[in-house]
Amino acid sequence: MKNLIVAILVVAGLILSSALFVVPEGERAIVIQFGKIQRDAAGDVQVFEPGLHFKIPMIETVRKLDARVQTLDDPADRFVTAEKKDLLVNSYVKWRIRDFGQYFLSTGGNTQQAEVLLKQYINNGLRTEFGTRTIPEIVSGERTELMESALQQAGIAAAELGIEVIDVRVKQINLPDEISISIFARMRAERQAVAREHRSRGMEEAEKIRADVDARITVMLADAERNSRTVRGEGDAQAANIYADTYNQDAEFFSFIRSLEAYKRSFRSKDDVLVIQPDSDFFKHMKTIQRQ
């Protein structure tokens, strides 16, 4: 008898424990009975708030759903602009469950399945917005309008999943690698063309300056040569006048002085050899000195 009572108590405890369920903070729960979601008297889906609740054991099952704000942050996707240019857009979405019954019926309560569907809606909205704008418009200031329009479109579509889209943000916009390489190559070619043009202009200006300087130098050298010849001519004329005046004052003495200068220049070095006839006029004054 005692064992029977213990068995009954154990079974009762098991039944009672299976009838109780706890909904953690940040989650909500729905009860499913025979494959159908339990509803309240008004016909709305019965959603259980965090806390301790009861259910019919063995008949009803509980599905707990995350009620917190979720972040969908997938790798970058490719979009086409109004100029038919490809862009790699990295975006993220903030969302949460608004209608738990509709969410469960649409996704089976699977978060990954919900995000796959939501990503499609978001991409469709972004693709529409990018397709009506050019790259300068997207970069220069219409990104906020683009995100707001994408948020509205995604919100309407996501309502079918029982999801509320809180925010859609474009984090980064890049060009694909092949387009970036092409653009950089074109920019490099343009810069090289500009550099060649500047270098050619510089070389042209340098040649002009060099030619102008050479012309000025030629003129200056010609003027200097002309002036030097003029000065030498005047000096030679003055020297000739001085020699003539000196010669006229005492021709014999002038001849004697000129001969001494000639002797001094001729016999300056012991290695000099002078071949001349003894009776030459060059030794005229020496002969006169010897006779005296």
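Colleague: Does Gln70 count as buried or exposed, and at what relative accessibility?
Modeller: This is a predicted model, in which local features need pLDDT of at least 70, side-chain atom pairs count only at pLDDT 80 or more, and totals for chains, interfaces and linings use all residues. Residues are numbered from 1 along each chain as its sequence is written, and side-chain values use heavy atoms, with hydrogens and water left out. Buried means under 20% relative accessible area, exposed over 50%, and partly exposed in between, with a 1.4 Å probe and protein chains only. Gln70 therefore counts as buried, at 19%.

Colleague: Which side chain forms a polar contact with that of Gln70?
Modeller: A polar contact is a pair of N or O atoms within 3.5 Å; within protein, one must be able to donate a hydrogen and the other to accept it, and residues adjacent in sequence count only if both atoms are side-chain atoms. At 3.2 Å, the partner of the Gln70 side chain is that of Asp66.

Colleague: In which strand is Ile37 found?
Modeller: Helices (H or I, at least four residues) and strands (E, at least two) are DSSP runs, numbered from the N terminus. Ile37 counts as buried because its relative accessibility is 12%. Its contacts (heavy atoms within 4.5 Å) include Val45, Phe104 and Leu105, with residues up to four places away in sequence not counted. Ile37 belongs to residues 36–37, which form strand β3.

Colleague: Within what arc do the buried residues of α2 fall?
Modeller: The buried residues in α2 are Phe100, Gly101, Tyr103, Phe104 and Thr107. The arc is that of the directions from the helix axis to the C-beta atoms. Seen down the axis of α2, these residues line one face of the helix, because they fall within an arc of 165°.

Colleague: Which residue just after α2 takes a positive phi?
Modeller: At the start of α2, a side-chain oxygen of Asp99 lies within 3.2 Å of the backbone nitrogen of Gly101. Just after α2, a positive phi of about 70° is taken by Gly108.
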